[in-house]
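Please find below a short note for a colleague who is meeting this structure for the first time. The sequence and the model are shown first.

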Amino acid sequence: MSSEKFEDLEEDFVALMEEIRRKLESAKGRGGIGESKKSLLREVQRKVDQASGVLQELEHEARAAPNPYRVHMNSKTRKYRSELDDINKTAASLAGGVTHVTIARQDLLSPSSVLGDFGAGDPQRSRLLQMNETLDRTTDSLARTFQVAAETDQIGTAVAEELRTQRESLVRTKERLEETDQNLSTSRKILRTMYRRVMTNKMILIMIIVIEICILGALIYWKFIMK
């Protein structure tokens, strides 16, 4: 099921319904049942048939939708079906009973036909109406619950992504610290090596100086004392 397809079909249905309502308003302004009014009503009926076809596709898409979205889509299609039934009845009344077959067909398909066998004051009818209202409220509540769940899931995904980004940043910082520590260790080794070389050079220099002093002393002793 494609939510984009459902939205496209919904836009087509809404546009058709607006066009049908405009034509019905125009037909209401024409008295009698003249040819122009009949032609306008025939055009309305064609648009109604088109809208009915689009609505059937919407209902099919709603039935194929995943559970989190199916309830909300079914609620919309029921609302659109009720609006289309009202449009058909209005068109039939404007036609002066010519399209009473259409009304009967829509009444048969509408939810109200289920209650038609009960009287207005029948307790069972009242219970059925209450059950229908309860079902509608439950449907709306479920739709809101699914919406909240979807928003919560989006927030959780965003938080997880933020935590992942922070973890990557911490890992990079740790790697830089380890690299810095390695560089410091290398620097300490180099400094120790340089220190040893300096001390070695000092010892060699001291030994050379001592040897030169000894040689100088020996020369002085041999030249001035021995002679």
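The numbered points below concern the basis of the model, its surface charge, its salt bridges and one annotated span.

1. Basis of the model. This is a predicted model, in which local features need pLDDT of at least 70 and side-chain atom pairs count only at pLDDT 80 or more, while totals for chains, interfaces and linings use all residues. Residues are numbered from 1 along each chain as its sequence is written, and side-chain values use heavy atoms, with hydrogens and water left out.

2. Negative patch. A surface patch of negative charge is formed by Glu 4, Glu 7, Asp 8, Glu 11, Asp 12 and Glu 57. (Patches are made of residues with over 30% relative accessible area and no salt bridge; like charges are joined within 9 Å, and nonpolar side chains, namely Val, Leu, Ile, Met, Phe, Trp and Tyr, within 5 Å.) Helix α1, residues 3-28, contributes the most to this patch, with five residues. Helices here are DSSP runs of H or I with at least four residues, and strands are E runs of at least two, numbered from the N terminus. Glu 4 is located in helix α1 and is exposed, at a relative accessible area of 57%. (Exposed means over 50% relative accessible area, buried under 20%, and partly exposed in between, with a 1.4 Å probe and protein chains only.)

3. The structure contains eight salt bridges, each defined as a side-chain nitrogen of Lys or Arg within 4 Å of a carboxyl oxygen of Asp or Glu. One of them joins Arg 46 to Glu 43, at 2.2 Å from N to O. Both residues belong to helix α2, residues 35-63, and are three residues apart, so about one helical turn separates them. Arg 46 is partly exposed, with a relative accessible area of 45%.

4. A link between helices. Glu 59 and Arg 81 form a salt bridge of 3.2 Å, N to O. Because Glu 59 lies in helix α2 and Arg 81 in helix α3, residues 67-94, the pair ties together parts 22 residues apart in sequence. Arg 81 is buried, at 14% relative accessibility.

5. Arg 164 and Glu 168 meet in a salt bridge of 2.5 Å, N to O. Four residues, about one turn, separate them in helix α5, residues 123-225. Arg 164 is partly exposed at 39%, as is Glu 168 at 33%.

6. Annotated span. An unreviewed UniProt entry lists residues 204-224 as "transmembrane region"; such annotations may be inferred rather than shown by experiment. In the model, this span is 100% helix and 0% strand, and its end C-alpha atoms lie 30 Å apart.

Conventions. Accessible areas come from the Shrake-Rupley method with a 1.4 Å probe; for residues, only the protein chains shown count as cover. Lys and Arg count as positive and Asp and Glu as negative; His and the chain ends are not counted. The place of a charge is taken as NZ of Lys, CZ of Arg, CG of Asp or CD of Glu.
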